[in-house]
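Here is a short briefing on fold, domains and core. Keep the sequence and the 3D view open while you read.

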Amino acid sequence: MTTYHAFTEAEAVEYARTIPNLFAPNSELASREIGDGNLNLVFHISEPSTGRSIILKQALPYAKVVGESWPLTLDRARIESEALIIQESLCPDLVPHVFVYEKDLALTVMQDLSDHVIMRRGLIEGNRYPLFAQHIARFLAHTLFYTSDLGMNQQEKKERVKQFINPELCKITEDLIFDDPYYNAETNNVPPAIQDAIEALWQDKELHLEVAILRNSFLTHAQSLLHGDLHTGSIFITQDSTKVIDPEFAYYGPMGFDIGAVFANLLLNYAAQEGWSKDAESRADYRGYLLGTIKDVWTLFQGEFRSLWSLYGEDRLSKTEGYQDWYLQQVLRDTIGYTGSKIVRRVHGLAQVADINKLEDEAAKERAQRIALRIGTALIKHNRQAQSIDELLEIAVKAVE
Ligand code: SR1
Ligand code: MG
């Protein structure tokens, strides 16, 4: 048995040499630690003579973003590799391939995606990704349908729920998304310029009720195997390829939580156009692109989900007339509520986003933060009445008028 220890770059190379059929024996290998996320070590190992490369991702026994004072389970490496394997079986082109998972080292060896960029960075640079909506809609429809009671045997699904009990990572979400942003918690990082808006949010009882209801659903509604942290930093992208990475927060929860994560991060970039766009015309144009992407994702997701349901639905009762419409309306409402929750937490919570925080012009940054808060809080308050995705888009448009 190998004892857990955090790898150095040199140890990562030595480990990579032991993986069969990857690199030539004794060839020169380069190793770089490139992890810029909140939690893990990520080593890029390459063989210059052949151009071959892989990624070694190792979980640390604590949250890197805070330090050793915040211990964190190594079991998240198992959750991540097992979720990736299930996702690959459902949409092979949309996730990285896992070569090896080594439990004792909390280590996953996977396909290198260095020819892609992290989508958050791509959006900050003002790029457009014409196939993204199709790709992510298919990822969402297939992973959410086939892991739910609609698309798999209901007894087997219960085994899956057991496999993906992920209490420590869920606790991070429960606190950082659904609790801390709504009071003066120590973990918050309130931008001084918007202190007034944050204090108003701490007093807003109507908002707190909706957040409590959304949190209840996150805690109790074991609907599908979620990615659990599907922001634009968990997506690698090019003009013609999309790869979803990092499902260490995977667990059984409400479908709308994953869809809402995608929409929230597109809308955070939408708010941040206050600073990234060079003039009003290009700002309106790029915002139009982002809203169009949200509309396309929802439309394509819904269409694909309905057709999977009609063709492959496992459950006799689920064919009852009206049930599919009711079900998707609930998913839409959850999506809108979780979109809002995931926007708000990124404005003044512990882990914020580069889209807004990297803005150098302080006035533009403040405008972006206020827009994000307006959109996030309005979506949270509206979620239980929503009938159509257009209402989300209207809220976003109104927030910048
Ligand atoms: C302590 S972890 C902070 C955040 O990083 C992850 O990406 C999740 O979004 C989590 O909430
Ligand atoms: Mg992550």
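Of the contacts in the protein with a separation of 6 or more, 73% join residues 24 or more positions apart. Two residues are in contact if their C-beta atoms, placed from the backbone, lie within 7 Å. This is a predicted model: local features need pLDDT of at least 70, side-chain atom pairs count only at pLDDT 80 or more, and totals for chains, interfaces and linings use all residues. Residues are numbered from 1 along each chain as its sequence is written, while chains are lettered from A and ligands numbered from 1 in the order in which they are written.

**Overall build**
- The C-alpha trace spans about 60 × 55 × 40 Å along its principal axes.
- Buried residues (20 or more other C-beta atoms within 10 Å of their own C-beta) make up 44% of the 401 residues.

**Domains**
- The protein is divided into domain 1 (9-111) and domain 2 (117-399), with bounds from an automatic or database domain assignment.
- Their C-alpha centres lie 27 Å apart.
- In domain 1, 17 residues are in contact with 21 residues of domain 2.

**Nonpolar cores**
- A nonpolar core is a set of buried Ala, Val, Leu, Ile, Met, Phe, Trp, Tyr and Cys residues joined through C-beta atoms within 7 Å.
- The largest has 88 residues; Leu267, Leu268, Ala271, Ala372 and Ile375 touch the most other members.
- This core draws at least three residues from each of domain 1 and domain 2.
- Beyond its neighbours within four places in sequence, Ala271 is in contact with Ile356, Ala368, Ile371, Ala372 and Ile375.
- Another core, of 18 residues, lies apart from the largest one and includes Leu41, Phe43, Ile55 and Leu107.

Terms used. A residue is buried if 20 or more other C-beta atoms lie within 10 Å of its own, exposed if 12 or fewer, and partly exposed in between; C-beta atoms are placed from the backbone.
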